[in-house]
Every structure is written in structure tokens, then in C-alpha cells.
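Subject: Structure handover

Hello,

The structure is below, with its sequence. My notes on what was found in it follow.

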Amino acid sequence: MPEARTSRHDPTRWKKKPPVRRTVSQICPPPRRPLTVADIQPGMENERLGVVRDSMFQNPLIVKAELGKPRERSCSLPGINFNYGLYIRGQDGGVPEAIGHWNVFKQQPTCPHELNRNYIAMNRGAVKAGLVTARENFHYRQLNDIRISDQDDRRLKKEPPSLPPNMTFGIRARPSTPFFDLLQHRYQQLWVQEQKANQKAIKLEKKQKVILGKLYETRSSQLRKYKPPVKLDALWHVPHFQKVGTCLDTFPTEAHRQRAFKAHREECAVRQGTLRMGNYTHP
């Protein structure tokens, strides 16, 4: 029992403990480390085709920000114990020095603004005085140097035109632009999918490609090239004119005639028309 009383009346029991101070590096941890090839997964924004190196993910102009994640930095930062900023070693006196000796910045005197010459008034006065030549005008301007006052300069300046308060500047955006597809990089995803499909097709084609050697003629290949002869029926003639000879012969000799008819008979199988004298059936 006496031990309990002593603990109850202990003055240090109800004392406030000092708060634990944390550094800025502990409150705000440093950014994420740079990306590597091992961190890239299919479907990520930084997925690339072809040869990929770790140095590609250390270039801030190439690295893209992942959706819903902070941007990856391409530079390595110091540890948690590093303090950023400039340390001033001199003693400025603290708050009492700032309150007791307040240094006020004294404005420096500005140089007077040189007014512009009023050439209109000087030319008008020279004409009224009867001075016409350039030398007379030069002497007159030296003797009568007229300047434009600030009030006249303000009056000559044009005020900006009054515009309605609800006026919007710029060019309207086209309503047909697919913003959602642009924000989601839809066109990039389609292009990447197309490139992957092309690469897969090229790989399959290389695997299935067979190196052929010397080709030999087989019976099937010979039959494929063979053209069966076409039997032509004799042309129908009127019985009354069967014994009548020809009145016009366009061939110089009988050999040329037989040669032309032989060529015609060979081409009848691939020609169109009733008499097989039209254009070819194949292109």
C-alpha cells in the first residue's frame, strides 16, 4: 500500500513528454527510384519495342508518367540524412536584432525623364516667321526648343477599346476531336498492337519457310501445262454457194494461209465469242 501512494503522488507522472521531432526527409520521403527493364510490365506506358536498355528510362524526355502514379525521376537522390538548401554560417542576431534595428531600403532618386521634341509646333512657328531653308529651320529649333509635356503625351495615347465582360478570347476547339482517345493514348495502343502482330507474323513466316532445292517435272506438273486440242466443227455454208470459189484471197501463198489457220486453232481455247475470235479470257 505505501508503494501505491508514492506512485500516485509522484510529480513527474503527469508531466508532458517532449514531442519527437522528425526531419523533413522523414516526413516527405524522397521520390521513387528510376525505372529499370525489370520493372516494366506488359500494358505499361513505358513499354517499348525492340532493344530496351536501362539508360532509356533515365532520360526525362522519354520517360512517361504512369496513370495514377507519380512521375518516375531519372536521377538518383541522396539518402534520408541529407539536408537540402544553403547553410548560412554567419550570425544575424535573430529576432531581437531584426526588431531593434529595422533596415529600411532607401529609394534612390530617379533621373528626370527627357521629354520629346514637338516638331509640329516648331515647324509651324518657323513657317510663320518666314523661315524656309533647312539651315534657317536648324537655327530656329536651337533658339526655340519646344518639348511635349506629359499631359499632352497622355492625351495622345489611345485608350484600349471597351470589351464586354463575358467575352472569351481564342479559337474554339473542334467538337469532333476524340479527346478521350487522345488522353488514353488509344492510337498508340493500336499502333503497338499492330506492330506486335506484324512481328509475330514475321517470326511464324521465318519458322515455316522451307528452303527449296532443284525442281523436277512430275506428271501432275506436265498435265497442268498441257493444253488439250479443241475439235472444231465445220462452218455451215449455204448449199447453193458450196461449189463457188473464193473471190478474194488475202494470203500471198497457201503456206501462209495454213500457218494463220493453225495459230487460230491453237488460240481458240482461250478466246471468247461464237467464232472464238474475241479477246482472251485470262488477263
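A helix here is a DSSP run of H or I with at least four residues, and helices are numbered from the N terminus. On that basis Glu136 falls in helix α5. Please keep in mind that this is a predicted model.

Overall make-up

The chain has 10 helices and 0 strands. Its elements, read from the N terminus, therefore run α-α-α-α-α-α-α-α-α-α under the DSSP-run definition. Of the 283 residues in the chain, 8% are buried. Taking contacts between residues at least 6 apart in sequence, 37% join residues at least 24 apart.

Helices α4 and α5

Two packed helices are described by the angle between their axes and the distance between the axes. Helix α4 covers residues 119-128 and helix α5 covers residues 134-143; they pack at an angle of about 120°, with axes 10 Å apart. That angle makes α4 oblique to α5. The crossing of the two is right-handed.

On the α4 side the contact involves Tyr119, Met122, Asn123, Gly125 and Ala126, and on the α5 side Asn137, Tyr140 and Arg141. Sorted by class, the contact of α4 with α5 has 4 nonpolar, 3 polar and 1 charged residues.

Back to Glu136 in α5: this residue is partly exposed, with a relative accessible area of 33%. Apart from neighbours within four places in sequence, Glu136 is in contact with Gly130 and Leu131. The C-alpha atoms of Glu136 and Ala126 are 8.3 Å apart in space, and the two residues are 10 apart in sequence.

The aromatic pair

A pair of aromatic rings is described by the distance of the centres and the angle of the planes. Searching the whole structure gives 1 aromatic pair. The partners are Phe251 and Phe261, with ring centres 6.4 Å apart and planes at 40°, so the pair is tilted. The cut-offs matter for both values: centres have to lie within 6.5 Å, and tilted is what remains between under 30 degrees for stacked and over 60 for edge-to-face.

Phe251 sits in the loop between α9 (219-225) and α10 (254-267), while Phe261 is in helix α10, so the pair ties together parts that are 10 residues apart in sequence. Phe251 counts as partly exposed at 26% relative accessibility, and Phe261 also counts as partly exposed, at 37%.

Two buried residues

Asn46 lies in the loop between α2 (24-27) and α3 (94-100). With a relative accessible area of 2%, Asn46 is buried. Which residues does Asn46 touch, not counting those up to four places away in sequence? They are Leu35, Ile40, Phe57, Ile62, Val63, Lys64 and Glu66.

Cys268 is in the segment after α10. At 4% relative accessibility, Cys268 counts as buried because the cut-off is under 20%. From Cys268 to Leu232 the C-alpha distance is 9.1 Å, and the sequence separation is 36 residues.

A backbone angle to look at

Most residues other than glycine have a negative phi. The phi of His185 is near 55°, a positive value in a residue other than glycine. His185 is found in the loop between α7 (179-183) and α8 (186-208). The relative accessible area of His185 is 33%, so this residue is partly exposed.

Regards

Definitions and conventions. Residues numbered from 1 in each chain as written. Predicted model: local features only at pLDDT ≥ 70, side-chain atom pairs only at ≥ 80, totals over all residues. Heavy atoms only, no water. Phe/Tyr/Trp six-rings, centres within 6.5 Å; stacked < 30°, edge-to-face > 60°. Buried < 20%, exposed > 50% of the residue type's maximum accessible area, 1.4 Å probe, protein only. Axes fitted to C-alpha atoms, helices over the stretch in contact; angles between N-to-C directions. Parallel < 35°, antiparallel > 145°, perpendicular 65-115°, else oblique. Left-handed = near helix turned anticlockwise from the far one by under 90°. Contact = heavy atoms within 4.5 Å. Nonpolar A, V, L, I, M, F, W, Y, C, P; charged D, E, K, R; others polar.
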